[in-house]
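These are my notebook entries on a single structure. I list what I looked up, element by element.

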Amino acid sequence: MAELSHRALRELIESFGGCDEYFTEMISAGAFAAGGPFEAWYADNGPCPGKTVYQLGGRDAGQIARAAALLSERECLGIDINMGCSAPAITRTGAGVRWMESIDKAGNLAALTRKAVKRRLSVKLRTGPGDDFDYLVRFCRRLEEEGVELITLHPRTAREKFRRQAKWSYVPALKKELRIKVAGNGDISSAAEMLDRSALCDAVMTGRLAVKQPWCFSEARTLETRNSGGYDSRGYNVEETGLRFLELLCRYQPPEFHLSRARRFFSYFCGSLTWAHYLTTLLNREQGLAGMERVWRGYFAEHPEEINIPRRKQRGMLFL
Ligand SMILES: Cc1cc2nc3c(=O)[nH]c(=O)nc-3n(C[C@H](O)[C@H](O)[C@H](O)COP(=O)(O)O)c2cc1C
């Protein structure tokens with residue numbers, strides 16, 4: 001996720017026990033090939049290179065294949081092509097979900113990238129330009145023919161962006177139509193839901209939940225039973241997690257990115273707190289990380305009852 005799924009967040013998730021795969025922020029193939037000033041940060045594969053999937057975006061198939069070849073020389077699990085982003089700044093350029101407008105063009109991109117990389121090749125996509133399941137199946141079958149090994153479906157159309165609910169019924173339906181692996185993504189709001197959804201497909205991908213609750217993967221992995229509901233008084237320390245994130249941000253992101261990334265992170269992370277809106281406004285007024293840290297500590301000094309989020313008693317495994 002742009003501005004979110006960088007090394008600092010991966011480090012934070014790892015500190016809670018980690019998850020099985022980490023997809024990077026979308027890396028612009030054009031900027032990467034041109035050696036832009038921040039590309040080294042985007043290509044950082046720490047702390048778990050073997051679990052890192054580089055995600056590429058762009059509108060030019062040749063450029064994407066070249067960037068994929070360069071990135072796959074680094075240690076990583078695979079290369080992912082973004083055919084799902086619906087942000088206007090991206091679709092305006094012909095990238096992201098715009099690839100879903102033509103089966104042939106997308107197929108040629110997959111074929112070219114397949115030739116360029118030996119690592120696992122995957123594609124992240126949406127339902128398509130419209131809500132047409134048969135089109136989605138034809139689109140994905142072509143990707144399968146061209147050597148794509150995993151498809152992650154965020155089941156919303158291009159125009160829906162984040163509106164309405166993700167149509168999860170499309171995920172197992174698509175899985176039935178393909179030989180390759182299908183992962184589902186969208187609107188997973190708890191570790192328990194992650195477990196439920198994982199029964200419908202080969203893997204689940206969570207986006208915003210992983211920022212709001214970086215412990216969600218370890219929680220899902222060890223969830224006792226769906227109905228057990230017991231709580232452990234230790235809880236997850238929210239204050240400490242926020243402070244740890246600020247530290248990791250300083251260590252693993254360039255200074256130019258600190259403020260925007262911290263604001264983005266806290267706008268999600270504050271979600272579990274009672275006075276989330278008020279606190280986010282205060283944090284956003286700050287012009288540096290030191291000020292944000294002061295505001296963050298101040299909030300918990302006033303609301304010590306919010307420092308810990310209860311932790312479920314857990315058992316069981318989640319395979320992503
Ligand atoms: C701030 C933000 C940035 C995102 N950036 C990307 C991206 O770079 N690549 C991508 O495939 N999806 C991106 N997404 C979409 C998410 O990966 C995911 O498909 C979507 O948020 C739905 O999943 P969720 O409900 O688990 O968050 C982004 C979403 C958000 C909120």
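The entries below begin with conventions and then go through helices, strands, ligand shell and loops.

**Conventions.** I worked on a predicted model, in which local features need pLDDT of at least 70, side-chain atom pairs count only at pLDDT 80 or more, and totals for chains, interfaces and linings use all residues. Residues are numbered from 1 along each chain as its sequence is written. I took helices (H or I, at least four residues) and strands (E, at least two) as DSSP runs, numbered from the N terminus. For burial I counted other C-beta atoms, placed from the backbone, within 10 Å of a residue's own: 20 or more is buried, 12 or fewer is exposed, and in between is partly exposed.

**Entry 1, helix α6.** I checked the length of α6 (residues 103-116) first. The expected span is 1.5 Å times one less than the number of residues. For the 14 residues of α6 this should give 20 Å, and the end C-alpha atoms are 20 Å apart, so the two agree. I then looked up burial and found that Ala106, Leu109, Ala110 and Thr113 of α6 are buried. They cover an arc of only 100° around the axis and therefore lie on the same side of α6; the arc is that of the directions from the helix axis to the C-beta atoms. The partners of the buried α6 residues are α4 (61-72), β3 (78-83), β4 (120-128) and α7 (133-145).

**Entry 2, helix α1 and what follows.** In α1 (residues 7-15), 7 of the 9 residues are buried, and I recorded the helix as mostly covered. The buried residues are Arg7, Ala8, Leu9, Arg10, Glu11, Leu12 and Ile13. They pack against β1 (22-28), α10 (208-212), α11 (216-221) and α12 (238-252). Gly17 follows α1 and has a positive phi, near 115°. Phe16 is in the loop between α1 and β1. I counted 16 other C-beta atoms within 10 Å of Phe16, so this residue is partly exposed. Leaving aside residues up to four places away in sequence, Phe16 touches Pro214, Trp215 and Ser218. I also noted that the C-alpha atoms of Phe16 and Gln213 are 10.0 Å apart, although 197 residues separate them along the chain.

I counted two strands as paired if DSSP finds at least two bridges between them. How many bridges join β3 and β4, and in which sense do they pair? I found 6 bridges, in the parallel sense. Strand β4 also runs parallel to β5 (residues 150-157), joined by 6 bridges. Lys124 of β4 stands opposite Asn82, and its bridge partner in β5 is Thr152. Next, β5 pairs with β6 in the parallel sense over 4 bridges, with Ile151 opposite Val182 in β6. As to burial, β4 has 8 of its 9 residues buried, and β6 has 4 of its 5.

The shell holds 19 residues, and the closest are Met1, Met26, His154, Gly207 and Arg208. The elements that give two or more residues to this shell are β1 and α10. By class, the shell has 7 nonpolar, 8 polar and 4 charged residues. Here Ala, Val, Leu, Ile, Met, Phe, Trp, Tyr, Cys and Pro count as nonpolar, Asp, Glu, Lys and Arg as charged, and the others, Gly among them, as polar.

I looked up the backbone angles in several loops.

- The peptide bond between Gly46 and Pro47 is cis, with omega about 0°; Pro47 is in the loop between α3 (39-42) and β2 (52-57).
- Lys161 is not a glycine, yet its phi is positive, about 50°. Lys161 lies in the loop between β5 and α8 (170-177) and is partly exposed because it has 13 C-beta neighbours inside 10 Å.
- Asp187, also not a glycine, has a positive phi of about 65°. Asp187 is in the loop between β6 (181-185) and α9, and is partly exposed with 19 other C-beta atoms within 10 Å.
- Ala199 sits in the loop between α9 (191-198) and β7 (203-205). With 8 C-beta neighbours inside 10 Å, Ala199 counts as exposed.

Note on methods. Contact = placed C-beta atoms within 7 Å. Near = placed C-beta within 6 Å.
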